[in-house]
Each structure stands twice: as structure tokens, then as C-alpha cells.
Amino acid sequence: MAKKAGREKVMGFIPAMQDNLLATALFRSDFKKALASKAFTVHYQPLVDLRTSKTVGFEALARWEVSPGKFTPPSLFIPLAEDIGLIPELTEQLFRLACLETLNWPAQITLSFNISPILLCNKLLAPSIISIMDEMGLAADRLEIEITESALFQDANAARYTLKKLRDAGIKIALDDFGTGYSSLSQLCNFQFDKLKIDKSFIDTFRDNEKQDKIVRSIISLAGSLGVKVTAEGIEYANQLELLKDLGCDIGQGYLLGRPAAKAIFHQVTSSIIYNFPLQKTEREMSS
Ligand code: C2E
Ligand code: MG
Ligand code: MG
Ligand code: MG
């Protein structure tokens with residue numbers, strides 16, 4: 001009886017597995033077509049120096065244009081690309097696009113580029129980033145690589161190897177989504193970073209929530225004492241911006257300062273460069 005029930009369960013499981021395999025195979029073929037037809041693009045969101053209000057860099061954010069003007073978010077397709085083993089191809093294509101775009105910007109403007117945890121642990125990553133950068137003619141001090149904490153404890157030795165190679169070449173490293181991982185503080189001792197990016201979830205409510213407020217204050221002062229820069233992501237409201245400026249946060253990123261857009265457009269105002277977001281078609285306008 002028990003055996004029969006068990007067998008039925010297993011038999012029921014097999015069609016589900018086949019569905020899954022089929023879905024993966026279909027996705028893989030769609031993904032390969034998208035790579036071949038260059039359907040993956042990069043959008044750029046400004047990083048603003050909160051002391052001078054000048055744009056100092058842009059973060060490159062992957063987009064999959066499924067039909068004209070309609071984009072699938074990276075939170076959906078990056079994990080799937082990891083699962084089907086195509087993240088190296090995708091990353092190379094996106095990185096080449098982002099390097100090309102960066103070469104159009106003034107020389108002091110930097111590019112921040114996200115790297116999947118899976119790739120950070122691959123020993124081929126650093127040499128291939130460095131050789132593409134050299135081939136494209138992008139100076140190392142214009143590049144910052146953003147990584148998340150999960151990469152660091154997947155394979156700490158491999159991650160350390162990659163980070164050292166990148167930093168030795170003059171590339172900066174930012175620890176993204178800081179505070180959301182399992183062991184943020186120990187990672188600060190074990191690895192060398194140039195920047196911490198405070199996750200949006202802390203910025204969302206920190207004006208109205210005393211605890212969040214204290215956490216944000218502490219991260220900013222911790223970064224200061226460690227001698228690393230700090231960025232706040234997800235700034236949407238003027239009161240968040242004002243408080244972050246008062247607290248001495250170095251860099252700001254968020255819809256208030258500029259949404260991700262297909263091209264980084266600069267607007268020259270007297271001697272300062274200001275990101276011209278009101279004149280630009282933003283992601284929300286493009287997808288509506
Ligand atoms: P992230 O690296 O933390 O990037 C910031 C995300 O927050 C972006 O979402 C950006 O559009 C969004 N954002 C920025 N400011 C605001 C704001 O004020 N309000 C709100 N609601 N959102 C804001 P996006 O583009 O959907 O990217 C999501 C995540 O996907 C990224 O988080 C990053 O982890 C990953 N990702 C994006 N592009 C790439 C890539 O080329 N490679 C890899 N491996 N991951 C990528
Ligand atoms: Mg990022
Ligand atoms: Mg981030
Ligand atoms: Mg984030």
C-alpha cells in the first residue's frame with residue numbers, strides 16, 4: 001500500500017520534471033537567440049556626489065528588450081542565465097556595450113558594472129575583464145565592479161583571488177546591497193573594498209523609522225572609519241536626500257536623482273555637469 005502510494009508520487013513527479021526540462025530547454029534557446037540578436041541592452045543610472053550634486057558615474061543595469069520598448073527586469077533573467085550556464089556570455093556582451101558607452105562620457109565619469117556571484121568565483125573573470133577593458137581602451141580607474149556578499153562565502157578563496165587581481169589592475173570594488181547578506185561585518189574584515197552601497201531597503205523607511213535611521217547613520221560612520229566611500233541606493237524623496245547629505249553620505253543613487261535610461265545624457269550647466277533627467281525619456285515613460 002505504502003509502496004504503491006510512493007510509486008504514484010514518483011510517477012506524478014516525472015511529468016513535472018519533464019515539463020521543467022522542457023521549460024529550461026525552451027528558455028535556453030530563447031536566451032541564445034536573444035544573445036545572437038543583441039536583444040540584451042544596458043541602461044544607465046546616475047551616481048551623484050552628494051557634496052557637489054554632480055554626476056560622478058553611472059551604474060550599468062542589464063535589460064532584455066522582449067518587444068520594442070518592453071523590458072524584462074534583470075531580477076528575472078539574471079538568475080535564469082546563471083542556471084543555464086550562460087552568464088559568462090551575457091556578461092561579456094553587456095560589458096562590451098557598457099565600455100563603448102563609457103568612452104562617450106567625459107574622462108572623469110566612471111562606470112559601475114554588476115558581476116554575478118557565480119562569475120566572481122571563476123578564475124577566468126579577472127583576466128577577461130582586464131583584457132576587454134584594454135582592448136576597448138577603457139582606463140582601469142574608470143571602472144568599478146559591484147559585487148554582493150553572497151559571492152564571498154560561496155567560495156571565499158576564489159573570490160579573494162578575483163578581487164585581488166581586479167584591484168591590482170586599478171579597478172575599484174563596491175560591496176552592493178550592503179546589510180542584506182548574512183555576515184556583512186565579517187566580510188569587511190576578510191576582503192578589501194573601495195565602497196559600500198547601502199541597500200535600498202534601509203533607505204526606504206529610514207526617515208520614519210528610528211532603528212533604520214540608526215543603522216544608516218552607523219553604516220555611514222563605519223565606512224568613514226574604514227576609509228571606504230559610501231553610496232545610498234534607492235533615494236526617492238527629498239527628505240531622504242537631505243538627511244543623507246547631512247550625515248555625510250558620499251554618493252546618492254535613486255529615482256529622485258535620475259532613473260536608469262538607455263543613454264547617459266549630460267547637460268552642461270556653468271562649470272558643473274548635471275544629469276539632465278527631466279529632458280530624457282525615462283524607463284517608466286518608455287514602458288508605458
Ligand atoms: P542593484 O545592483 O542593487 O541595482 C539597483 C536596482 O535598484 C536597479 O534595479 C535600479 O533600477 C533600482 N533602483 C535604483 N534607484 C531606485 C529607486 O529610487 N527606487 C526603486 N524602486 N528602484 C531603484 P534593476 O535594474 O531592476 O536591477 C536589479 C538587480 O539586478 C540589480 O540590483 C543587480 O543586482 C542585478 N543586475 C542588474 N544588471 C545586472 C548585470 O548586468 N549583471 C548582473 N550580474 N546583475 C545585474
Ligand atoms: Mg548594483
Ligand atoms: Mg545595489
Ligand atoms: Mg539593491
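Reader: How do you know that Glu233 counts as buried?
Author: This is a predicted model. Glu233 has a relative accessible area of 12%. Buried means under 20%, so Glu233 is buried. Asp176 is buried too.

Reader: What makes Asp177 partly exposed?
Author: Its relative accessibility is 25%. Partly exposed lies between under 20% for buried and over 50% for exposed. Therefore Asp177 counts as partly exposed.

Reader: Why are Asp177 and Glu233 said to coordinate the magnesium ion (ligand 4)?
Author: They coordinate it at 2.2 to 2.3 Å. Donors are N, O and S atoms within 2.8 Å of the metal, so the OD of Asp177 and the OE of Glu233 qualify. The pair links distant parts of the chain, 56 residues apart.

Reader: Which residues coordinate the magnesium ion (ligand 3)?
Author: Asp176 (OD) and Glu233 (OE), at 1.9 to 2.0 Å. Asp176 lies in strand 6 and Glu233 in the loop between strand 8 and helix 11, so the pair ties together parts that are 57 residues apart in sequence. Asp176 also bridges the magnesium ion (ligand 3) and the magnesium ion (ligand 2), which lie 3.6 Å apart.

Reader: What makes the approach of Arg63 to ligand 1 a polar contact?
Author: A polar side-chain atom of Arg63 lies 2.9 Å from an oxygen atom of ligand 1. The cut-off is 3.5 Å between N or O atoms, so the pair counts. An N or O atom in the side chain of Asp177 is 3.1 Å from an oxygen atom of ligand 1. The protein buries 81% of the 800 Å² that ligand 1 exposes when taken alone.

Definitions and conventions:
Residues are numbered from 1 along each chain as its sequence is written. Chains are lettered from A and ligands numbered from 1 in the order in which they are written. This is a predicted model: local features need pLDDT of at least 70, side-chain atom pairs count only at pLDDT 80 or more; totals for chains, interfaces and linings use all residues. Side-chain values use heavy atoms; hydrogens and water are left out. Donors are N, O and S atoms within 2.8 Å of the metal (3.2 Å for Na, K and Ca); water is not among the atoms, so sites may look incomplete. Helices (H or I, at least four residues) and strands (E, at least two) are DSSP runs, numbered from the N terminus. Buried means under 20% relative accessible area, exposed over 50%, partly exposed in between (1.4 Å probe, protein chains only). A polar contact is a pair of N or O atoms within 3.5 Å; within protein, one must be able to donate a hydrogen and the other to accept it, and residues adjacent in sequence count only if both atoms are side-chain atoms. Accessible areas come from the Shrake-Rupley method with a 1.4 Å probe; for residues, only the protein chains shown count as cover.
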